[in-house]
Amino acid sequence: MFDFMPHPAHTFMSAPPVLCLSGPTGMRDEWIGLADCLGPRGACQSFDDASVLRRRLWAAPDGAHLVAHGTAAYHVLKMAEEMPERVRSLTLVDPDIIQALPELAACPQFFGHQTLIRRVREALPLGRLEAAAARVTEWWMGRGTWATTSHATKERVAEAMPALAREWHIQEDAPLTLLSLVTLSCPVRIIAGRRTPSSIRSLVRLLRVAVPEVSVTFVKGARGACHLTDPHVVGPEISNFIVSSDADWHTQPSLLAAA
């Protein structure tokens, strides 16, 4: 686990932690910029295993702020659904949760994402990990990106393809529902690049309508992983959102009165 702890001289040690979750193609240290923006406010911890983050959230006496990237957004949404009294806020960066919403399967604006998933799944049994990785990278980051990617990164992303495919299967096996999104009781911030794939932009716009306390930022000129491509914009924005969310946080979820 990659932890960032506040300076002991400050009085913010009791601030609720910020727990960051990366998807299979990400890395735990991709959140260093966010930790720098949060400064001494509280502990910023990053994870690449949703079950470990879940245990950490359960152990947080005053709840925690959750930040997730890509397919990891599915896991933190599930946690907010199951443990609303512990989730102070959700920040979703380029949420890849289309497979978790079966209602979207027939919508033409999501066909590009469905095609990507199908082709990755076809490539894996044939051992074509690099071809799958190239397709995923260029779908998110644009044509020609794979050719300019470093050898080390190509290897890391290729090795992550089976885990990414498992994430899509997990979403299908235990889907979210639009009702679960509508009844989220914590503030939600969604951040995506203006140049991310159209399927992701369409999903973000849908979430902006479906989720009650949601705000959206499209980062100008950014593609996928915009918290990396525009850290000077996104880092402070996430930090400000987390700080402001604490002001109105409640320890009990909102309940619908029985008719």
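Start by selecting Thr-217. This residue is buried, at a relative accessible area of 14%. Buried stands for under 20% relative accessible area, exposed for over 50%, and partly exposed for what lies in between (1.4 Å probe, protein chains only).

Before moving on, know what is on screen. This is a predicted model, where local features need pLDDT of at least 70 and side-chain atom pairs count only at pLDDT 80 or more, while totals for chains, interfaces and linings use all residues. Residues are numbered from 1 along each chain as its sequence is written, and side-chain values use heavy atoms, with hydrogens and water left out.

**Stop 1: the whole protein**

Zoom out. The protein has 11 helices and seven strands. Helices (H or I, at least four residues) and strands (E, at least two) are DSSP runs, numbered from the N terminus. Of the 259 residues, 52% count as buried.

Now think about contacts, meaning heavy atoms within 4.5 Å. Take the contacts with a separation of 6 or more: residues 24 or more positions apart account for 77% of them.

**Stop 2: back to Thr-217**

Thr-217 sits in strand 7. Which residues does Thr-217 touch, not counting those up to four places away in sequence? They are Arg-189, Ile-190, Ile-191, Ala-192 and Glu-237. Ile-191 is also the bridge partner of Thr-217.

**Stop 3: strand 6**

Select residues 188-193. This is strand 6, and six of its six residues are buried. Val-188, Ile-190 and Ala-192 point one way, while Arg-189, Ile-191 and Gly-193 point the other way. In a regular strand, side chains alternate between the two faces of the sheet.

Two strands pair if DSSP finds at least two bridges between them. Strand 5 (residues 87-93) runs parallel to strand 6, and four bridges join them. Look for Val-93, which stands opposite Ile-191. Strand 7 (residues 214-219) is parallel to strand 6 as well, with six bridges joining the two. Here Val-188 has Val-214 as its bridge partner.

Strand 6, helix 9 and strand 7 make a right-handed β-α-β unit. Turn the model and trace the path yourself.

**Stop 4**

Select Gly-221. This glycine lies in the loop between strand 7 and helix 10 (226-229). Is Gly-221 buried or partly exposed? Gly-221 is partly exposed, with a relative accessible area of 45%. Leaving out residues up to four places away in sequence, Gly-221 touches Arg-194 and Arg-195. Draw a line from Gly-221 to Arg-195: they are 26 residues apart in sequence, but 6.1 Å apart in space, C-alpha to C-alpha.

**Stop 5: strand 2 and its partners**

Select residues 18-21, which form strand 2. Val-18 and Cys-20 are on one side, Leu-19 and Leu-21 on the other, and all are buried. Strand 3 (residues 44-47) runs parallel to strand 2, joined by four bridges. Val-18 stands opposite Cys-44 there. Strand 2 also pairs with strand 4 (residues 64-69), in the parallel sense, over four bridges. In that pairing, Cys-20 stands opposite Val-67.

**Stop 6: the cysteines**

How many disulfides does a search of the whole structure find? The search finds zero. Cys-44 is in no disulfide; its nearest cysteine sulfur, that of Cys-20, is 3.8 Å away. A disulfide here needs a pair of cysteine sulfur atoms within 2.5 Å. Cys-44 counts as buried because its relative accessibility is 1%. Cys-226 is buried too, at 0%.

**Stop 7: the nonpolar cores**

A nonpolar core is a set of buried Ala, Val, Leu, Ile, Met, Phe, Trp, Tyr and Cys residues joined through side-chain atoms within 4.5 Å. The largest one has 58 residues, of which Leu-66, Leu-90, Ile-97 and Val-188 touch the most other members. Helix 3 (residues 72-82) gives the most to this core, with seven residues. Another core lies apart from it, with 17 residues, including Val-18, Ala-35, Val-93 and Ile-238.

Finish on Ile-97. Beyond its neighbours within four places in sequence, Ile-97 is in contact with Ala-73, Tyr-74, Leu-77, Gln-171, Leu-176, Leu-203 and Leu-207.

Terms used:
Right-handed = clockwise from strand over helix to strand, strands pointing away.
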